[in-house]
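Reader: I am new to this and would like to learn how to read a structure. Could you take me through it step by step?

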Amino acid sequence: MAAVQVTEETIIVGGQTLFSRQAKPTQQAPRLSLLLLHGIRFSSETWLNLQTLSKLAEAGYHAVAIDLPGFGRSKDAVAPAPVGEPAPGSFLKDVLEALKFDQAVVISPSLSGMYSLPFLFQHNHLLKAYIPVAPICTEKFPPAQYASVKTPTLIVYGDQDVELGEVSLNNLKNLSNHKLMMMKGAGHACYLDKPDEWHQRLLDFLKNIE
């Protein structure tokens with residue numbers, strides 16, 4: 001198989017420039033589109049270094065990781081909400097439009113929950129699937145709101161993440177169509193602690209939702 005090339009591109013969202021890294025299959029049309037977000041200490045570079053972008057592309061997926069406003073190489077862009085408060089659901093809708101994605105799987109760790117959760121509740125018809133990894137802001141929404149969402153969801157957390165892992169799980173498990181991916185011996189950024197397990201179980205889940 002030819003090596004996958006990860007390209008660096010900018011997209012315009014709400015009049016602001018956001019940095020992205022993108023990887024596509026080399027010899028076929030993409031099976032699914034994925035948008036990868038990041039936590040407060042991370043950026044799209046995390047998914048590059050972990051090889052998540054290339055592994056997704058090798059499996060036939062179009063994977064895009066963005067630097068959220070104020071982070072990484074999008075540091076000059078202004079966030080649409082204070083850190084820790086839900087952002088307008090339209091933000092990720094605008095990101096998908098800029099990427100020309102009709103639907104996407106969204107991978108959302110930690111800080112990025114402030115973006116992905118409002119998007120989930122307001123625009124879930126644009127979500128092929130949702131993969132939250134111990135996101136923030138889960139307590140901002142009532143159980144009934146979670147229960148109304150039918151989007152296939154893979155709830156990911158490390159069993160050593162006794163704060164956000166447990167809080168997010170208790171709220172996210174109200175989603176009506178979810179599976180759990182608990183990673184033993186892993187902390188908050190569980191994908192960094194056990195990358196091989198992360199990639200294998202992520203790909204297994206994606207195969208079942210195509």
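Reader: Which residues do ring pairs link into a cluster?

Author: First, a note: this is a predicted model, where local features need pLDDT of at least 70, side-chain atom pairs count only at pLDDT 80 or more, and totals for chains, interfaces and linings use all residues. Residues are numbered from 1 along each chain as its sequence is written, and side-chain values use heavy atoms, leaving out hydrogens and water. Rings of Phe, Tyr and Trp (its six-membered ring) pair if their centres lie within 6.5 Å; planes under 30 degrees apart are stacked, over 60 edge-to-face, the rest tilted. Here, Trp-47, Tyr-191 and Trp-198 form such a cluster.

Reader: How many aromatic pairs are there by this rule, and how is a pair described?

Author: A pair of aromatic rings is described by the distance of the centres and the angle of the planes. The count is 6 aromatic pairs. The ring centres of Phe-91 and Tyr-115 are 4.8 Å apart with planes at 45°, so this pair is tilted. Phe-91 sits in helix H3 (residues 90-99) and Tyr-115 in helix H4 (residues 113-123), 24 residues apart; helices (H or I, at least four residues) and strands (E, at least two) are DSSP runs, numbered from the N terminus.

Reader: Are Phe-91 and Tyr-115 buried or exposed?

Author: Buried means under 20% relative accessible area, exposed over 50%, partly exposed in between (1.4 Å probe, protein chains only). Phe-91 and Tyr-115 are both buried. In H3, Leu-92, Val-95, Leu-96 and Leu-99 are among the other buried residues. Down the axis of H3, the buried residues fall within an arc of 135° (taken from the directions from the helix axis to the C-beta atoms), so they line one face of the helix.
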